[in-house]
Amino acid sequence: MTLRRTAALVAAAACAAALTACGSGSALPAAKSAGGKDPATALLSRAPVGKDLPSTPTLERIRKNGRLTAATSDTDPGFSEKNPVTGKYEGFEADLTAMLAKYLLGKPEVKHVAINADTREALLQNGTADAVLSTYKITPERLRKVSFGGPYMNLGQAVLVRKGQSALTKVSDLDGRKVITTAGPSVESLKKVAPHATPVVFQTISQCLQALRDGRGDAFVNNQAVIVARAKKDTTLSVAPFTFGAAAYGIGLPKNDPAFTAIVDGFLRTVEKQGLWKQSWTDNVTPLTKAPAPKPPTPGNAGAAASAKASADS
């Protein structure tokens with residue numbers, strides 16, 4: 001299935017899920033497995049431990065600290081959200097984070113670091129984080145500053161609007177409108193498909209959402225993970241019936257440790273082969289999108305994925 005086809009299917013399903021959501025709009029409660037464990041615990045019990053991993057600066061730092069320090073979101077239902085009752089991180093990317101820690105350390109010890117769109121490179125460059133797992137798009141510009149393991153998922157850009165706002169039915173409808181987004185690739189993608197749109201840029205997702213609710217823009221553009229999750233949490237908002245600009249997303253890693261990047265690629269290949277990637281997506285994302293898990297991308301070609309995206313956009 002092509003990136004663009006996958007993006008369109010996920011967005012269409014997300015739109016249907018958002019339009020049929022009811023109640024408080026909170027995330028779906030975790031189902032119990034046959035053995036009585038919640039899905040994340042059952043998944044983690046099956047997660048692999050890396051064998052005979054080579055010594056690298058990043059891996060030695062992680063092992064010295066006894067934990068993986070990961071920059072993650074705590075507000076993305078289905079992908080990475082902090083449960084206010086248990087304090088645990090839940091979702092597809094949260095599962096990958098815990099499984100990566102187990103792969104590296106033999107135990108799922110994770111220290112989560114708060115993040116926003118502008119701090120990811122800095123957290124890796126200054127050693128505050130060992131890895132970034134937060135819908136991190138692989139781009140040539142970012143590859144000059146950090147490395148990427150993966151890609152581990154493909155997503156398009158999606159559009160969130162106030163419910164009942166029916167004027168936005170295709171991507172060209174964004175032209176001439178105020179479009180809310182965060183700085184970086186989302187602005188660049190918007191300019192390519194709607195050159196006459198006026199970007200209204202904020203630093204955080206929360207600020208973007210509040211601006212949309214307040215009517216300071218006609219739509220909010222971001223990657224599908226963010227849009228689907230926010231539509232689930234806030235039933236006054238809905239997903240527009242189109243997507244654009246499919247792209248690859250990876251695990252952000254320190255720049256000058258290629259052996260560690262190879263370890264992370266090996267981890268991703270392993271959890272894909274063992275069916276853990278698909279199971280986590282099915283447990284966490286499918287309840288939001290009502291669409292089955294797509295075929296995962298092949299890890300180990302982050303640079304090629306970024307180059308292909310740049311060529312497609314040029």
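# Briefing: sheet, helices and buried residues

The protein has 13 helices and 11 strands, where helices (H or I, at least four residues) and strands (E, at least two) are DSSP runs, numbered from the N terminus. This is a predicted model, in which local features need pLDDT of at least 70 and side-chain atom pairs count only at pLDDT 80 or more, while totals for chains, interfaces and linings use all residues. Residues are numbered from 1 along each chain as its sequence is written, and side-chain values use heavy atoms, with hydrogens and water left out. Of the 314 residues in the protein, 53% are buried, that is, under 20% relative accessible area, as against exposed at over 50% and partly exposed in between (1.4 Å probe, protein chains only).

**Overall**

- The accessible surface comes to about 13,500 Å², and carbon and sulfur atoms account for 52% of it; areas come from the Shrake-Rupley method with a 1.4 Å probe, and for residues only the protein chains shown count as cover.
- Of the contacts (heavy atoms within 4.5 Å) between residues at least 6 apart in sequence, 72% join residues at least 24 apart.

**The sheet**

- An open sheet of 8 strands with mixed pairing runs in the order β5-β1-β6-β11-β7-β10-β8-β9; two strands pair if DSSP finds at least two bridges between them.
- Its edge strands, each pairing on one side only, are β5 (110-113) and β9 (198-202).
- On average, neighbouring strands of this sheet are turned by 30 degrees against each other, direction ignored.

**Strand β1 and its partners**

- Strand β1 (residues 68-72) pairs with strand β6 (residues 131-137) in the parallel sense, over 3 bridges.
- Along this pairing, Ala71 has Val132 in β6 as its bridge partner, and Thr72 stands opposite Leu133 in β6.
- Strands β1 and β5 also run parallel and are joined by 4 bridges, with Ala70 opposite His112 in β5.
- Strand β1 is largely enclosed by the rest of the structure, because 5 of its 5 residues are buried.
- Leu68, Ala70 and Thr72 point one way from β1, Thr69 and Ala71 point the other way, and all are buried.

**Strands β8 and β9**

- In β8, 4 of the 5 residues are buried, and the strand is mostly covered.
- Strands β8 and β9 run parallel, joined by 5 bridges, and Val179 stands opposite Pro199 in β9.

- For the angles below, axes are lines fitted to C-alpha atoms, for helices over the stretch in contact, and angles run from 0 to 180 degrees between N-to-C directions.

**Helix α9**

- Because 9 of its 10 residues are buried, α9 is largely enclosed by the rest of the structure.
- The buried residues of α9 are Gln224, Ala225, Val226, Ile227, Val228, Ala229, Arg230, Ala231 and Lys232.
- Asn223 caps the N-terminal end of α9, with a side-chain oxygen 2.9 Å from the backbone nitrogen of Ala225.
- Val228, which lies in α9, counts as buried at 7% relative accessibility.
- Val228 and Thr289 are 61 residues apart in sequence, and their C-alpha atoms are 7.3 Å apart in space.

**Helix α2**

- Pro39, Ala42 and Leu43 are buried in helix α2 (residues 39-46).
- Seen down the axis of α2, these buried residues fall within an arc of 100 degrees, so they line one face of the helix; the arc is that of the directions from the helix axis to the C-beta atoms.
- The buried residues of α2 pack against α4 (92-105) and α11 (276-284).
- Asp38 caps the N-terminal end of α2, with a side-chain oxygen 3.1 Å from the backbone nitrogen of Ala40.

**Gln157**

- Gln157 is found in strand β7 and counts as buried at 1% relative accessibility.
- The side chain of Gln157 makes a polar contact with that of Ser186 (3.1 Å); such a contact is a pair of N or O atoms within 3.5 Å, where within protein one must be able to donate a hydrogen and the other to accept it, and residues adjacent in sequence count only if both atoms are side-chain atoms.
- Leaving aside neighbours within four places in sequence, residues in contact with Gln157 include Lys137, Ser189, Asn223, Gln224 and Tyr249.
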